[in-house]
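I opened my notebook to record, step by step, what I looked up in this structure.

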Amino acid sequence: MSTRIGQEATRCHAPRRVWIFALWFGAGLLTGAWLNGPWGPLTISDPVPRPLTPAVPRNASVNPNHGAAAGSWHDFARIVAQMQQECSRAIWRRTPAWDRFLASLDPRQCQHLAAMLRAHLQHPLQQQLRDAFFEHWSKVDPSGALAFLLDWPMSPMRDRVLVRAVGEWLIWEPEAAVQWIQALEPSDLRNELITQAVERYAAVDPARALLLADLLPKPIRGGSYAVVFGAWAAQQPEQALGRASELQIPFSQKMQALEAVFRTWALSQPDAALNAALTLPQGPARSRAIRHVMSGWVEHAPDTAAQRALAISDGLFRNQALTALIEFWPNHDMETAVRLAEHLPPGTARENALRFLVPHWANADPEAALAFAEQLPEGPAKTELVGNVLHLWSHGDPEHAFEKARRLPESRVRAEVIESALIQLALADPQLAISRANTLESQEERHAVLHSLATALAWEHPEMAAELVTNLPSNRGALQSVPSIAKALASHSTTKAMEWATNLAGGMPKRLALEAVADALAESDPVQAVAWALSLAEEGERTGVLERAIVRWVRADSTTALGWLEHLPHSADKTRLIAAAATELAYSAPAQAYRLVMTHLDEHSRLEALPRIAHIWARYDRAGALQQLNQMPAGPERSKFLFSLASVMAEESPSRAAALLNSAATGSLDTPTVRMVVTEWAAQDPVSAAAWVAQIPDTHQRQAVISDLVLEWAQSDHSQAGRWLETLPADIARDRGITAYVSTLAQQAPPLAASWVAKIQDAELRQQAIFHVAQAWMVRDRQAATTWLAQWGWMIPQAGP
């Protein structure tokens, strides 16, 4: 205390100039504090005045009244108000000053800021605000940031922000992030986040990444398998290959995994990767592995890759490697690629390689590519390759490409190049293109090209195109050109389009044109579209136009459309209109569609319309369709409804579809429906499907479906299918089942299939089975197949030298 008194006494006796200096200095400090401190304005270009309380550890509780100076929370409230003001005035811009402010926030402050800026964060244009804020929040409190985002309305924008936030979390706390992802309900978002987690783990723990990939729905796992095994192969290629080879997954997904291994392996150890590829069993896996090794190798060492490919002793492997090299060879050195192709044997292998080479060459140097293709021996391969080059050439010099193409032999390639060249020419000068087309000698070719030109000109020059096709005979090209012109005319003037389409010569092109005009007219005035359709004289033309017009009317305003139908006089047209309207109505109001059909259609028309109503109803409201079925009296209408409902159910649960047929059918079952149920069921649970087939009372129906059952079953487990066939009584149904079994088994094991032929009693079916076995066996072992066929009296001539 005495020290403080002494200091005060000394201060009181200071010289006058010291007091003046102190006053000026204090005034400066106060002015600076007022301008830049807690009470002063902060512009967006200014730095944040001073850092706030440092961010606290995640999940820590923060009290705004403790742990920070009072001025810090005052700063926070003031700066949040400024952010709100800027967001309300314009698009918030990210700056280093704002980044420093956001980086100083702790989890509690992030929560408060998010609540204050919620509307701005959800605004589509405030992308920079979302990026900056959630980038920081997801680092200090990821679970809080994600909980806040999940409370937003579901939208692609929300999901994009959420995916980025989870990506940050996966960097710092991957296991916690994965647990959070797994707790989500199944959805596309969950799948995307799992895929992101797989990518995060693939490089550091591929075995863990593989387990995460298995959390995805089976049909979409292939891409994640490729990511995992590509990363695995970058570190341990042999181990990655061994694990990929062991996978019990669909063939296409296994190919994705193996291709990723070899593609990555080839980037670091191409020779070892190729040796491993050559040890794979013969088949698609080996072919693709060789291709991916060579495609990776040629990217960084093409000459070495070529030398290694030429050194392969096995002819098949060598050809596969050379073909892959040629496919991916650099465009600036096509001469070397040509020399590599010459090492392939003449025929299919060399021609396939040239099919890769020449189009790539044409992109870099079309004249050199054309000169090379033109000097090839005459034949289909030369025509195709010259055509490919000219097709590319037609985009830059269509007249030259057209004249070159005219000298090609008659072929589909020639027709396609001529058409392409003239269409490109028509875009610049329609009349010149038409005059060039008229110089073609073949009338058939000339008409086909003119129809293609009319299609190409339709939207830019609809009246010219309409005049052009009016003078052409109707052919296959008219099926495309005429409706295209009708649509284009209708977009400019529906009156002209209606007149033009009505005056066309009869036939399918005219019907398509009328329907196209009806579509365009119904979009703006469905009443006029229906009235115009009713005015058409020819019934076949009127039917299609009427149906399309009423469908669009019901889709736009079902109440008015159905009211109009109620007052329409009874006629065949009214029946067709009600059936079409009910089918469209079933998508939005199936019960109303059902009542419309049952009330206004005769029995024959009801039996045609009800399956369509039931199919749509069952696909979108299974419970409602079943309820309606239970309310229907026995009769043909109920049977039609039932069979259509069961067909839809069979796609998802064939066992439930079978149970429905057993419980609800009052008479004989519908054979197509039973066959669909059996086919779907056999792919999932053939034993249960077989048990159901065995109890089908109708003999002819059982014969038909046994073949379907065995065809599916034999592909998944032919041994089990064979044992089941042995239990059947010796009758025509068993013979049909064995015939189907032999036809499938012959593709896998012809000798085993041959051993079953003698068990077929029906002579005609036995001859069919012999043919199936012979067809497959002759490809694999002609001598063995010939010897076996001789036992059945089939004599096969010896192959020539």
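Entry 1. I began with helix H25, residues 412–428, in what is a predicted model, and found that its 17 residues reach 25 Å from the first C-alpha to the last, close to the 24 Å expected at 1.5 Å a residue.

Entry 2. I then asked which residues of H25 are buried, and I noted Arg 414, Val 417, Ile 418, Ser 420, Ala 421, Leu 422, Leu 425 and Ala 426. I reminded myself that an α-helix has 3.6 residues a turn, so residues three or four places apart point the same way. When I looked up the partners, I saw that the buried residues of H25 pack against helices H23 (380–393), H24 (398–406), H26 (430–437) and H27 (443–457).

Entry 3. I turned to helix H19, residues 315–328, where 14 residues at 1.5 Å each should span 20 Å, and the end C-alpha atoms, 20 Å apart, agree with this. I wrote down that H19 is mostly covered, with 11 of its 14 residues buried, and that the buried stretch includes Phe 317, Arg 318 and Glu 327. Among the elements that cover these buried residues I listed helices H16 (270–278), H17 (284–300), H18 (302–310), H20 (334–342) and H21 (348–364).

Entry 4. Last, I looked at the whole chain, which has 48 helices and 0 strands, and in which buried residues make up 47% of the 801 residues. Of the contacts between residues at least 6 apart in sequence, 54% join residues at least 24 apart. I also noted an accessible surface of about 40,200 Å², of which 55% belongs to carbon and sulfur atoms.

Definitions and conventions:
Residues numbered from 1 in each chain as written. Predicted model: local features only at pLDDT ≥ 70, side-chain atom pairs only at ≥ 80, totals over all residues. Heavy atoms only, no water. Helix = DSSP H or I, 4+ residues; strand = E, 2+ residues; numbered from the N terminus. Expected span 1.5 Å × (residues − 1). Buried < 20%, exposed > 50% of the residue type's maximum accessible area, 1.4 Å probe, protein only. Contact = heavy atoms within 4.5 Å. Areas by Shrake-Rupley, 256 points an atom, 1.4 Å probe, with all protein chains shown as cover.
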